[in-house]
Amino acid sequence: MRLIQLLKKDLAQETRGWVDEKLITHEQGQAILAKYGESLENDTNKTSFGYYLLMALGSLFIGLALILIISHNWDEIPSLVKTGALILLTATTNLFGFRLYLTNRYQAANIWLFFGAISYGTSIMLIAQIYHLGEHYPDGIYWWALGVLPVALLTRSRLLSLLMLALATIWLCVEVGEAFFPASYPVFLLSALFIALFCRSTPIIFVFSLFALLVWLNLALAWLMGSGIHYEPFGDLLPFSLALGLVLNGLAWALMRTMNPTWREYGLVLHLWLLRASVVTLLILSFEGVWYEYSSESDITQVLSIAALIMGGVLSWRLSAKNGRYASMPAVLFSLCFSICFIVQAYFSSGDMIAAVTINFLLLVQGISLIRRGIEQDETQYFYTGVAVLLATAFVRYFDLIGDYLGGALLFLIAASIMMLAARYWRLRGQTEPGGRTNEA
Amino acid sequence: MKLNSGLVQDTVWYQSHTFKIGLIVAITLQLSVLVVEYLGSVWPIWTGAPIILKTQPYDPRSLFRGNFVRLSYDISQVESDNASEYKLGSVVYVSVKEELSHWGFQSISKVKPVTGLFIRGRVRANYGNSLSIEYGIEAFFMPKEKALLAQETLREGALMRIFVSGSGKARVQEFVCQGDAC
């Protein structure tokens, strides 16, 4: 799976130029673009999409204006009239959207239903205001999201799906802020995933849903540790999260092998975001101080968390093995290194130092591997990410010495040796392999 | 189901009876939520008994909810010898008795009382012998200027007219006081 998949619209535009200049035939152009799920024909939806987007944003602003105007507490109007007007507004906008569906004007219908969803939420909040409802206020946001959910599922609209997901996530935040557990949040995530996988190509919703699921699982574990009454975050959440990250990485590679071009694109986008997340995570864990502050539970939870890391690694390896060594090796390496880190941190007196050094070497290996992958597969993004990883590692280590000055110098020397040996090995391998490109480095 | 259907399949889907009926049901669901919210708001006022509670308004603003004064009642903090037995979030029933100018705390129970006037609430905090309880009558929405005025002029305490239904559901109706803030 190549990064060009993410630039297929640009590729289509370029290919149209090549056909116009007669560099390639019309059939060749079509064949090339068909590989990426595109066509030589101009995208007729492009103009209407712009119109659709602007109309949707317009509806959103009208909704926001409505909230502000009515929030100004119109004392003079009787409560019943205000409530009736709000219910009527919600009914009218939604039914107008429905009517547009009957006349096959689907985009306009979606905009009206979106406006209806905003009116619906405004009404919930304002009826609560009119009658001074002081109940648990996140419930209002919950009912708003829940009301939009079936409309989003039925219309398969990206806009309504995004609204539903945004509302559910706001509800998650305020519910957690009020020290309650948002038990039904996965219902919204799974609905969004269903739309992304089976109805619409929408990588943002797909990736966001998976990361949000990761957050929710962490919250669920903390809630369970607090006996289902309050949150009790614990250190072993970290290895559990890393294990889930490894599984997601395996899933990304498995998606990149599927025949469905949209799923392949999802796999690639997920892989790229996991790659960025892994770099940030490794850089944070590369500080000895982080491991010093980290406190895990020395009981069955810790054993389970390390077991989860190993199982996550195995599962990730199983899912990615068919994609080649660039896919499967990181799963094994990350799982092994993380397991070592958490074991030494818990059971050895100098565990913090060993864990930090292990993560630093893991960063070096990741950087070298990305550079090599970038050159071998002609993917500049991986190449520059690898360079950035190595530079960032050197930069943070220069200012945050592990041990003392001599220890830091030793670390740099070892890192330099590893990189030079890797480069030398790579060059020699290129010379000995049949058809190897000796000048590629 | 076909994966990632395009416009053609969308058109078929949008023209199907399932979609049309589903959308009507979804819209009805939204409207039902609003109607239930309205009825839940006015039912205690229509059917309940009016009582007066002593309260203190404070913190009159919220980014999320507009302008309102937060109300803290005498019965928002109650003492109980077995306070630790009340779990956070659990439903409690607080019986109230009539005093000179207002109604005050009488007793707290996990089960609905058979006689007397009581308000249904939820335990929000639990420390020592003290319980913090919310009844859903802690917000009173009013314009920003009035809310600030209410907080300033009624700092020493105010009286609120509350309606309580037979099930213990309470709704706040108005300030019982004199002056510009009411």
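Helices and strands are DSSP runs, numbered from the N terminus; a helix has at least four residues, a strand at least two. The model described here is predicted.

**Chain B and Tyr86(B)**

Chain B holds 3 helices and 10 strands. From the N terminus, its elements follow the order α-α-β-β-β-β-β-β-β-β-α-β-β. The chain has 182 residues, and 46% of them are buried. Take the contacts in chain B between residues at least 6 apart in sequence: 63% of these join residues at least 24 apart.

Where is Tyr86(B) found? Its place is the loop that runs between β3 (77-79) and β4 (91-98) of chain B. Is Tyr86(B) buried or exposed? Its relative accessibility is 5%, so Tyr86(B) counts as buried.

Tyr86(B) has contacts beyond its neighbours within four places in sequence. Among them are Ser80(B), Val92(B), Ile108(B), Ser109(B) and Lys110(B). Val123(B), Asn126(B) and Leu131(B) also touch Tyr86(B). Arg124(B) lies 38 residues from Tyr86(B) in sequence, and their C-alpha atoms are 9.9 Å apart.

**Two helices of chain A**

In chain A, helix α8 (residues 185-198) packs with helix α9 (residues 203-225). The angle is about 155°, and the axes are 9 Å apart. Angles over 145 degrees count as roughly antiparallel, so α8(A) is roughly antiparallel to α9(A). The crossing of α8(A) past α9(A) is left-handed.

Which residues of α8(A) make the contact? They are Tyr185(A), Pro186(A), Leu189(A), Ala192(A), Leu193(A), Ala196(A) and Leu197(A). From α9(A) come Ile205(A), Phe206(A), Phe208(A), Ser209(A), Leu210(A), Ala212(A), Leu213(A) and Trp216(A). By type, the contact between α8(A) and α9(A) has 14 nonpolar residues, 1 polar and no charged.

How many disulfides does the whole structure have? The search over all chains finds 0. Cys337(A) is in no disulfide, and its nearest cysteine sulfur belongs to Cys341(A), 6.5 Å away. A disulfide needs the two sulfur atoms within 2.5 Å. The sulfur of Cys341(A) is 6.5 Å from that of Cys337(A), its closest cysteine sulfur, and therefore too far for a bond.

Residues under 20% relative accessible area are buried.

| Residue | Relative accessibility | Class |
|---|---|---|
| Cys337(A) | 11% | buried |
| Cys341(A) | 0% | buried |
| Tyr86(B) | 5% | buried |

Note on methods
Residues are numbered from 1 along each chain as its sequence is written. Chains are lettered from A and ligands numbered from 1 in the order in which they are written. This is a predicted model: local features need pLDDT of at least 70, side-chain atom pairs count only at pLDDT 80 or more; totals for chains, interfaces and linings use all residues. Side-chain values use heavy atoms; hydrogens and water are left out. Buried means under 20% relative accessible area, exposed over 50%, partly exposed in between (1.4 Å probe, protein chains only). Axes are lines fitted to C-alpha atoms, for helices over the stretch in contact, and angles run from 0 to 180 degrees between N-to-C directions. Angles under 35 degrees count as roughly parallel, over 145 as roughly antiparallel, 65 to 115 as roughly perpendicular and the rest as oblique. A crossing is left-handed if the near helix is turned anticlockwise from the far one by less than a right angle, and right-handed if clockwise. Contact means heavy atoms within 4.5 Å. Ala, Val, Leu, Ile, Met, Phe, Trp, Tyr, Cys and Pro count as nonpolar, Asp, Glu, Lys and Arg as charged, and the others, Gly among them, as polar.
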